[in-house]
Amino acid sequence: MNSTEIKQNVCSFFGHRNITITEKLKQKVKEVIEHLIVNHNVLTFLFGSRSNFDYLCHLVVTELKEKYPDIKRVAYTCRSETCTLESERQKWEEIYSRLRKREVHLLGVEEEFEHKTKYTSGRASYVERNKAMINDSNYCIIYFDEKYQPEMRKYSKRNIAYYQPKSGTAIAYAYARQKRKILINITQLLE
């Protein structure tokens, strides 16, 4: 992304990994995104790739792209993630469909952005990726339920003890508030 594009008319998305996608939720997300497009000229949307909420937002933005063709979808990926450029999506869908012997649909984007810590951040590389997305946007649409807790995890494969990890969405939310981004929490709009 170029420096004049960053922080102006850019929106990023964050949400819990496992959510139930309903028609009501999809409609609310669509209303919010379309409001940003029409009333604030937001045309660039930044995506991570680890949550059901990211998937839902990508789906909605892709649908709105038919109505607003100037929309640009940008994937911020961690080192273990990849994206499919829209210009190559059909080719890769055909290849994967033949390999898997079933129809495969890939999420397409117009650009992939590799943030500076993509290859140096450790296990929680998505936290660094999310910070980069927040830094490069001024709007953040978030699905954040303060009561949500990620699943308990083992300290290691050989350790029998478990711990309660921090929610990546909670970390992104706190960072976006600290950076004074315009936050739109979809969970509050659904109440």
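Modeller: Let's start with a definition. A salt bridge is a side-chain nitrogen of Lys or Arg within 4 Å of a carboxyl oxygen of Asp or Glu. The side chains of E34 and K67 meet in one, at 2.8 Å from N to O. Before going on, note that this is a predicted model, where local features need pLDDT of at least 70, side-chain atom pairs count only at pLDDT 80 or more, and totals for chains, interfaces and linings use all residues. Residues are numbered from 1 along each chain as its sequence is written, and side-chain values use heavy atoms, with hydrogens and water left out.

Biologist: What makes E34 and K67 a tie between parts of the chain?

Modeller: The side chains of E34 and K67 form the salt bridge. E34 lies in helix α1 and K67 in helix α2, so the pair ties together parts that are 33 residues apart in sequence. Helices here are DSSP runs of H or I with at least four residues, strands are runs of E with at least two, and numbering starts from the N terminus.

Biologist: How do you know whether E34 is buried or exposed? And K67?

Modeller: Buried means under 20% relative accessible area, exposed means over 50%, and partly exposed is in between, with a 1.4 Å probe and protein chains only. E34 has 18%, so E34 is buried. K67 has 56%, so K67 is exposed.

Biologist: How many salt bridges does the structure hold?

Modeller: Three. One of them joins the side chains of E63 and K26, at 3.0 Å from N to O. E63 lies in α2 and K26 in α1 (residues 23-40), so this pair ties together parts 37 residues apart in sequence. E63 has 32% relative accessibility, so E63 counts as partly exposed.

Biologist: Which residue forms a salt bridge with K28?

Modeller: E31 does, and the closest N and O atoms are 3.2 Å apart. K28 and E31 both lie in α1, three residues apart, about one turn of the helix. K28 is at 24%, so K28 counts as partly exposed. E31 is at 40%, so E31 is partly exposed.

Biologist: Why can such side chains pair at all?

Modeller: Side chains of opposite charge can pair when their charged atoms come close.

Biologist: Now K65. Why is K65 called buried?

Modeller: Its relative accessible area is 19%, so K65 is buried. K65 lies in α2 (residues 52-67). The side chain of K65 reaches the backbone oxygen of I71 at 2.6 Å.

Biologist: What else is K65 in contact with, leaving aside its neighbours within four places in sequence?

Modeller: Contact means heavy atoms within 4.5 Å. By that rule, K65 is in contact with I71, R73 and E110.

Biologist: What makes N130 buried?

Modeller: A relative accessible area of 9%, so N130 is buried. N130 lies in helix α4 (residues 125-135). The side chain of N130 makes a polar contact with the side chain of R129, at 3.0 Å. Leaving aside its neighbours within four places in sequence, N130 is in contact with F14, G168 and A172.

Biologist: G168 and A172 bring us to α5. Which residues are buried in α5?

Modeller: In α5 (residues 168-178), G168, T169, A172, Y173, Y175 and A176 are buried. Seen down the axis of α5, these residues fall within an arc of 165°, so they line one face of the helix. The arc is that of the directions from the helix axis to the C-beta atoms. On the other side of α5, R177 and Q178 are exposed.

Biologist: How do you know that strand β3 is mostly covered?

Modeller: Five of the five residues of β3 (residues 72-76) are buried. K72, V74 and Y76 point one way, and R73 and A75 the other way.

Biologist: What makes β2 and β3 a pair?

Modeller: Two strands pair if DSSP finds at least two bridges between them. β2 (residues 44-47) and β3 have four bridges, in the parallel sense. In β3, the bridge partner of L46 is V74.

Note on methods: Polar contact = N/O pair within 3.5 Å; in protein donor to acceptor, adjacent residues only side chain to side chain.
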